[in-house]
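Thanks for coming, everyone. I'll walk through one model today, and I'll keep it quick. Here it is on the screen.

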Amino acid sequence: MNKKKYDFSVWDVSQVYAGPGGKLWELLMGEQIHVGGAEQTDVLAKKVGLDKEKDIYLLDICSALGGPARHLAENYGTRIVGLDITPEMIEEAKERTKGKHYEDKIEYRLGSALDIPAHANTFDVVWGQDAWCYIRDKPRLIKEANRVLKSGGVLGFADWIWGSIEAPDSDADYLMEFMVFPDMQTLDGYGKLIEEVGLILIENDDLGDDFANHMDGYISILQKNKQNIIAGFGEELYVEAEKGVLAWQKAVHNKWVSRGMWIAKKP
Ligand SMILES: C[S@@+](CC[C@H](N)C(=O)[O-])C[C@H]1O[C@@H](n2cnc3c(N)ncnc32)[C@H](O)[C@@H]1O
């Protein structure tokens, strides 16, 4: 399995999200910048046990525009800390949350997932969606997630991963470079990291088929919006984006890459 690390730092990732890259992903995916939008947020919410009747304190690691945070506060009454390292994303998330009737349930913190600005044993749920692929040091990330989770709490996240069939090296390099991913795990790789910190792995699902359907959708959204994208961001960015998304579509259908979801409990 391709386990190569790529030379992207948190600075490179932040540059993407502070610039047109973040806007383009929002155009394709919506303000919840992950595969499946609100529907997938509801799937994960049920799996981690969010419930309007319970007072649950949740940390969203890599909260971006705060789309999931607002959805969870509004629909499940969850209290949330959204953590993100890109100042522009934190500012935009705050702006979009201002004036909402559930505004006091959400706090945004600027900081790194590798050094989470929170005390140990703070959260009932630690959460992430389609973002941890941007973080190189996965063992430290999972250790940090575990540190801030309360005993009896739940870790639930989804992420992009290597698939069951090994991608040819040159394709793998292009896929990672297009996305600015320094590292991707496998379904079992994450499972191992989760168990190594003492969490009990309850579920790990391969969501590759759903991922493939969504990738087909992203291509058609991109192509339908071609003229708008060129007008807003320039032709070069459009050509690059179309090439990259087509490569990911092919990779998902070939099972070179996939998307997974993990649920684990802290004893
Ligand atoms: C794909 S977006 C996340 C989408 C979000 N989870 C959602 O569902 O709407 C990726 C985000 O990860 C953030 N990020 C990347 N590396 C990070 C790190 N080391 N610590 C905290 N945030 C990070 C980026 O700033 C960006 O906002």
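Start at valine 180. Valine 180 counts as partly exposed, because it has 18 C-beta neighbours inside 10 Å. The cut-offs: buried takes 20 or more other C-beta atoms within 10 Å of a residue's own, exposed takes 12 or fewer, partly exposed is in between, and C-beta atoms are placed from the backbone. Valine 180 sits in the loop between α7 (169-179) and α8 (187-196). Its phi is positive, about 65 degrees, although valine 180 is not a glycine. Most residues other than glycine have a negative phi.

Two housekeeping points. This is a predicted model: local features need pLDDT of at least 70, side-chain atom pairs count only at pLDDT 80 or more, and totals for chains, interfaces and linings use all residues. Residues are numbered from 1 along each chain as its sequence is written. As for the element names, helices (H or I, at least four residues) and strands (E, at least two) are DSSP runs, numbered from the N terminus.

Aspartate 130 also has a positive phi, about 55 degrees, and is not a glycine. Where is aspartate 130? In the loop between β4 and α6 (138-148). Aspartate 130 counts as buried, because 22 C-beta neighbours lie inside 10 Å.

Now the sheet. Seven strands form an open sheet, and the pairing is mixed. The order is β3-β2-β1-β4-β5-β7-β6. Strands pair here if DSSP finds at least two bridges between them. β3 (106-110) and β6 are at the edges with a single partner strand each, so one side of each has no neighbour in the sheet. From one strand to the next, the twist averages 15 degrees. Helix α5 (residues 87-97) packs on the sheet and touches β2 and β3. The direction of α5 makes about 165 degrees with that of β3. Contact means C-beta atoms, placed from the backbone, within 7 Å. Axes are lines fitted to C-alpha atoms, for helices over the stretch in contact, and angles run from 0 to 180 degrees between N-to-C directions.

Let's go through some pairings. β1 (residues 57-61) and β4 (residues 123-129) run parallel, joined by three bridges. Leucine 59 has valine 126 of β4 as its bridge partner. β4 and β5 are also parallel, with six bridges. There, valine 125 has valine 154 of β5 as its bridge partner.

On to β5 (residues 149-162) and β7: they run antiparallel, with nine bridges. Leucine 155 stands opposite alanine 264 in β7. β5 is mostly covered, with 11 of its 14 residues buried.

How many residues of β7 are buried? Eight of the nine in β7 (residues 257-265), so this strand is largely enclosed by the rest of the structure. β7 also pairs with β6 (residues 200-206), antiparallel, over six bridges. Asparagine 204 has tryptophan 262 of β7 as its bridge partner.

Next, the ligand. It is surrounded by 26 residues, and the closest are Cys62, Ala64, Ile85, Thr86 and Ala113. To be near a molecule or strand, a residue needs its C-beta atom, placed from the backbone, within 6 Å of it. α1 (10-18), α4 (67-76) and β2 (79-84) are the elements giving two or more residues to that shell. α1 provides the largest share, four residues. By class, the shell has 16 nonpolar, eight polar and two charged residues. Ala, Val, Leu, Ile, Met, Phe, Trp, Tyr, Cys and Pro count as nonpolar, Asp, Glu, Lys and Arg as charged, and the others, Gly among them, as polar.

Now two helices. The axes of α10 (residues 226-233) and α11 (residues 235-253) come within 7 Å and cross at roughly 130 degrees. That makes α10 oblique to α11. Under 35 degrees is roughly parallel, over 145 roughly antiparallel, 65 to 115 roughly perpendicular, and the rest oblique. From α10, the contact uses Lys226, Ile229, Ile230 and Phe233; from α11, Glu235, Leu237 and Tyr238. Those residues divide into five nonpolar, no polar and two charged.

Last stop, aspartate 171 in helix α7. Aspartate 171 is partly exposed, with 17 other C-beta atoms within 10 Å. Leaving aside neighbours within four places in sequence, aspartate 171 is in contact with Ala251 and Trp256. Aspartate 171 and alanine 247 are 76 residues apart in sequence and 8.0 Å apart in space, C-alpha to C-alpha.

How values were computed: Contact = placed C-beta atoms within 7 Å.
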